[in-house]
Amino acid sequence: MDVRDQVRASVNIVDVVGEYVRLRPSGPSRYMGLCPFHNEKKPSFTVHVVHQFYKCFSCGAGGDVFKFVQETQGISFYEALKWLADRCGITMPKRGGYSDEDSRKRAAIFQMHELAQENFRANLKSPAGEAARAYLARRGVAPETIERFGLGYSLGSGRALLRLFEGKDFSASQVEESGLVGKRQDGGMYDRFRNRLMFPIHDESGRIIAFGGRALAADDEPKYLNSPETAIYKKSRVLYNLHRAKESIRKEDRVILVEGYMDAIGVSAAGFGGVVASCGTSLTTDQIQSLRRHSTNIVMNFDPDPAGANATEKRIDALLQEGMQVRILELDDGLDPDEYCKDRGAEAYAAKLGDAKGYFHWLADRARARFDIHTSEGVVSVLKFLMPAVQRISDRLERVAIANDVASYIGVERGMVLDSFRKAVADRQENGFQRPKVALRPDERMLLNVIVSDAEIRDQVIEELKTIEALHNFPSRKIFQAIFSLHDGGGTIAYDEVHARLEESDQHLLADAVLNEDAHATHEEVLAALASMRKSQMEETRRQMKLQIKEAERGGNWQEALRMTAELQHLERDWRERR
Ligand SMILES: [Zn+2]
């Protein structure tokens with residue numbers, strides 16, 4: 001068994017996908033969830049337990065566990081293989097290695113980040129880390145929290161990491177592209193992070209891909225310095241702390257979104273594990289989608305200053321566009337989430353979380369503060385202000401409910417609000433659940449599924465099907481051809497094997513068959529499907545013979561026509577008897 005087979009046998013695609021997409025059981029051997037490869041509100045992304053593949057019926061994405069890891073992490077096959085092998089403790093053979101320059105570079109940069117992390121953590125414990133430790137103590141960060149979040153300290157010398165990398169097997173360009181060093185005009189290099197409190201940033205699978213560094217000296221600018229984008233770090237895709245938070249996010253079906261590293265750490269340390277930080281002003285579609293895979297309920301908890309409020313408005317818009325349920329958590333006395341948890345305690349924060357307002361109330365509050373709702377112009381302005389958010393609500397009933405809320409909240413008539421809402425909402429065309437364009441007949445579907453799933457009656461079914469010439473007219477003809485030739489050649493008939501021999505359109509059909517059938521058909525059901533296939537065969541034969549009879553008659557070949565008519569009658573009697 002080669003490593004690929006070993007890995008395939010050791011991992012369950014449901015576990016691997018399940019860490020990335022919130023899956024729910026859907027039938028005996030299927031799970032469904034929101035597709036990570038396109039934006040959807042109703043799940044059409046399916047994972048099959050028995051055949052170990054995934055398939056999205058809306059965007060067509062599909063494949064095995066290796067393909068999933070490749071696509072979601074944007075890495076090569078070899079990297080995906082290694083990543084999966086590491087997970088299940090399978091050692092990769094030394095020979096081979098990374099086949100291409102890109103994979104080698106990424107591997108080197110990952111390694112440099114590991115080395116940097118070790119260095120930063122050791123520095124924080126060393127005498128040089130005293131100021132950083134004092135800062136953390138002042139902010140009330142407990143030693144176990146420092147440990148848990150892997151906080152560290154970068155030395156002020158400017159050459160600590162460089163020296164560390166020099167002794168290793170990295171090329172100059174790899175070091176330069178790591179994002180951990182900067183380059184002077186004269187070509188000399190220096191450590192990017194100097195005299196800073198260091199926050200490691202992880203990808204969703206928990207690997208360190210970047211760092212954030214907080215200045216410790218008062219006059220150091222900027223206050224927060226982040227890694228630049230590199231081959232392993234795409235800023236717009238990452239949310240701080242998601243790899244630790246995702247389990248809580250799923251369990252509580254809620255994500256708390258805060259602004260900065262310290263907020264995420266503080267809220268998490270107070271016992272609210274499902275917290276992530278955006279670490280920037282905007283919120284990208286990629287980031288929102290990576291949250292949506294775990295929960296569609298979000299509570300936004302940003303700093304209470306006006307700049308924070310404006311940014312919140314923009315984020316609400318982006319979140320609604322992606323179908324998230326948004327609530328806003330506002331804290332008193334200008335405290336940020338970290339300060340609030342420490343100052344008022346976890347219980348007070350929990351109460352605030354429970355009371356978080358739906359985004360519409362929050363928006364209406366903002367509108368009320370801005371416009372005078374005692375004048376009709378003011379009311380019109382308020383409604384105008386709310387429209388962009390209204391337009392994002394795709395559910396009609398939800399819109400009506402919100403119209404009621406808004407009407408009573410700003411003290412105008414319900415009908416007026418509803419009217420203006422209705423006008424604002426453009427007709428949306430939701431992407432429905434798309435089936436493959438050519439649909440399989442139920443008997444084809446059932447028999448295809450039996451053939452790839454049930455070794456016991458597979459041979460019998462295949463032999464029988466080979467005698468049914470009418471199969472040539474069926475949508476599944478190429479799939480059956482692939483199965484027959486595999487069978488004749490003595491090959492293994494498994495979903496993967498058949499799938500690999502098909503063109504893309506037939507791959508969709510096969511997936512459709514396997515995903516829409518129950519794994520275990522009864523013997524009677526199989527017999528019924530075969531009988532239905534034979535019936536099609538008879539109808540086809542009858543059609544052909546009738547054509548030939550007509551042809552003979554037209555050509556004046558009466559004897560031949562009579563002979564064939566007799567033959568057809570004979571056949572029909574035969575069919576009736578067999579039934
Ligand atoms: Zn999709």
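**Figure 1. Side chains alternate along strand S15, residues 325–328.** Buried means under 20% relative accessible area, exposed means over 50%, and partly exposed lies in between (1.4 Å probe, protein chains only). The model is predicted: local features need pLDDT of at least 70, side-chain atom pairs count only at pLDDT 80 or more, and totals for chains, interfaces and linings use all residues. Residues are numbered from 1 along each chain as its sequence is written, and side-chain values use heavy atoms, with hydrogens and water left out. Helices (H or I, at least four residues) and strands (E, at least two) are DSSP runs, numbered from the N terminus.

**Figure 2. Strand S15 is paired with S14 and with S16.** Two strands pair if DSSP finds at least two bridges between them. Strand S14 (residues 297–300) runs parallel to S15 and is joined to S15 by four bridges. Asn297 stands opposite Gln325 of S15. Strand S16 (residues 357–358) pairs with S15 in the antiparallel sense, over two bridges. Here Arg327 stands opposite Gly358 in S16.

**Figure 3. Four residues coordinate the zinc ion.** Which atoms are the donors? They are SG of Cys35, ND1 of His38, SG of Cys56 and SG of Cys59, at 2.0 to 2.3 Å. Donors are N, O and S atoms within 2.8 Å of the metal (3.2 Å for Na, K and Ca); water is not among the atoms, so sites may look incomplete. The angles among the four donor atoms are 101 to 119 degrees, and the site is tetrahedral. Four donors count as tetrahedral if all angles lie between 85 and 135 degrees. The ideal angle for four tetrahedral donors is 109.5 degrees. Along the sequence, the donor residues follow the spacing C-x2-H-x17-C-x2-C. Cys35 and His38 are both buried.

**Figure 4. An open sheet has five strands, in the order S1-S2-S3-S4-S5.** The pairing in this sheet is antiparallel. Strand S1 (24–25) and strand S5 (62–63) stand at the edges with a single partner strand each, so one side of each has no neighbour in the sheet. S4 and S5 run antiparallel and are joined by two bridges. The bridge partner of Tyr54 in S5 is Gly63.

**Figure 5. Tyr54 and Phe68 form one of the 20 aromatic pairs in the structure.** Rings of Phe, Tyr and Trp (its six-membered ring) pair if their centres lie within 6.5 Å; planes under 30 degrees apart count as stacked, over 60 as edge-to-face and the rest as tilted. The ring centres of Tyr54 and Phe68 are 5.3 Å apart and the planes stand at 80 degrees, so this pair is edge-to-face. The pair links distant parts of the chain, with Tyr54 in strand S4 (residues 53–56) and Phe68 in helix H3 (residues 65–73), 14 residues apart. Tyr54 and Phe68 are both buried. Tyr20, Phe37, Phe45, Tyr54 and Phe68 form one aromatic cluster.

**Figure 6. Helix H4 (residues 77–87) has buried residues that pack against other helices.** Tyr78, Glu79, Ala80, Leu81, Trp83, Leu84 and Ala85 are buried in H4. These buried residues pack against helix H1 (3–10), helix H2 (13–18), H3 and helix H5 (101–125). After H4 comes Gly89, whose phi is positive, near 65 degrees.

**Figure 7. Ser476 and Thr230 are buried residues in loops.** Ser476 lies in the loop between helix H21 (455–466) and helix H22 (477–488). The relative accessible area of Ser476 is 0%, so Ser476 counts as buried. Leaving out residues up to four places away in sequence, Ser476 touches Leu440, Glu444 and Leu448. Contact means heavy atoms within 4.5 Å. Thr230 lies in the loop between S11 and helix H10 (242–252). Thr230 is buried because its relative accessible area is 7%. Beyond its neighbours within four places in sequence, Thr230 is in contact with Glu177, Ser178 and Gly179.

Note on methods:
Tetrahedral: all angles 85-135°; square planar, octahedral: opposite > 155°, others 65-115°.
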